[in-house]
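I opened my notebook to jot down what I looked up in this one.

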Amino acid sequence: YTRGTVTAFSPFDARADAEALRKAMKGMGTDEETILKILTSRNNAQRQEIAAAFKTLFGRDLVDDLKSELTGKFETLMVSLMRPTYIFDAHALKHAIKGAGTNEKVLTEILASRTPEEVRNIKQVYLQEYEANLEDKITGETSGYFQRLLVVLLQANRDPAGRVDEGLVEQDAQVLFRSGELKWGTDEEKFITILGTRSVPHLRRVFDKYMTISGFQIEETIDRETSGDLEKLLLAVVKCIRSVPAYFAETLYYSMKGAGTDDDTLIRVMVSRSEVDLLDIRQEFRKNFAKSLHQMIQKDTSGDYRKALLLLCGGDDE
């Protein structure tokens, strides 16, 4: 069961697809249209089969060929589609923490939105692929309460969803209120523990109760009382507790709003959610931004890059 826009293609023939892709890249000029049509309409597992068939038939690496034939954002998008699903997040995190400067935005987006099971999988894959411990890498590149909340999320020990205890809801809401609104200097630790470890249904009730007690949405308090990377991470966690698709709809909207497009974010979200919940994201987008995701991509991108993104997006939500 999936709420993705990309599903298994049927009838699927990996060899025929491999042959079509080879033909599209052989000789003078490249047939981008064929490449984007095939790669956006097969799911990730099928793309891996195509890559295997490509190597078997031609002794060539499909990803290397794509890299040498394509350029720019379109190349980045096609290569991202070819990355095995389970490696995708680990790869994004590795690139977010390598070299000069850490990309906090990527750490925030991935660790705030993935389920505990997904986070455990990412840690395992990171270790296998890069022979390094993800937590060590992240703690080496971050600091303060931002680092501490990332570490809590990396433990992937959030309480499982179960019966919600109203007494505990009241207690957590009071603690957050006392730590935030009623103190000079916020007690960040309480925020980190509660937001990082309680179950999703429990926290949704805590947010409601917080509003009743304080007269503020928890987001408003976080906005006023914290700043910088910690603020962004706390807000991302809260938004993902409320609704992961709504969080990604907002992330996509801001990647395209205003001058210039944050293509890395646009590509990362479109690819990583295309088989998960992009249908729900589209719905939230339409509801919250008075235009459809399809319309915004249409307006904000161009060329083969746009064609491919629109195919991943699927339909337009008028």
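This is a predicted model: local features need pLDDT of at least 70, side-chain atom pairs count only at pLDDT 80 or more; totals for chains, interfaces and linings use all residues.

Ala290 sits in the loop between α18 and α19 (293-300); helices here are DSSP runs of H or I with at least four residues, strands are runs of E with at least two, and both are numbered from the N terminus. I checked its backbone: Ala290 has a positive phi of about 55°, although it is not a glycine. Ala290 counts as exposed, at 69% relative accessibility. My cut-offs for that: buried is under 20% relative accessible area, exposed is over 50%, and partly exposed is in between, with a 1.4 Å probe and protein chains only.

Residues are numbered from 1 along each chain as its sequence is written, and side-chain values use heavy atoms, with hydrogens and water left out.

Next I looked up Ala156, in the loop between α10 (144-155) and α11. Phi of Ala156 is near 55°, again a positive value in a residue other than glycine. Buried or exposed, I wondered about Ala156? Ala156 counts as buried, at 5% relative accessibility.

Then the peptide bonds: the one from Ser10 to Pro11 is cis, with omega near -5°. Pro11 is in the segment before α1 (14-25). I noted these because most residues other than glycine have a negative phi, and most peptide bonds are trans.

On to the charges. Side chains of opposite charge can pair when their charged atoms come close. I count a salt bridge when a side-chain nitrogen of Lys or Arg is within 4 Å of a carboxyl oxygen of Asp or Glu. That rule gives 23 salt bridges.

I started with Glu33 and Lys37, whose side chains meet in a salt bridge at 3.2 Å, N to O. Both lie in helix α2 (residues 32-41), four residues apart, about one turn of the helix. Glu33 is partly exposed at 30%, and Lys37 is partly exposed at 47%. Glu33 and Lys37 also belong to a salt-bridge network with Asp304 and Lys307.

Glu166 and Arg205 form a salt bridge too, at 3.0 Å, N to O. This pair links distant parts of the chain, 39 residues apart: Glu166 is in helix α11 (residues 166-179) and Arg205 in helix α13 (residues 200-214).

Last, Asp317 and Arg282 meet in a salt bridge at 3.0 Å, N to O. Asp317 lies in the segment after α20 (303-313) and Arg282 in helix α18 (residues 278-289), so the pair ties together parts 35 residues apart in sequence. Arg282 is buried, at 9%.
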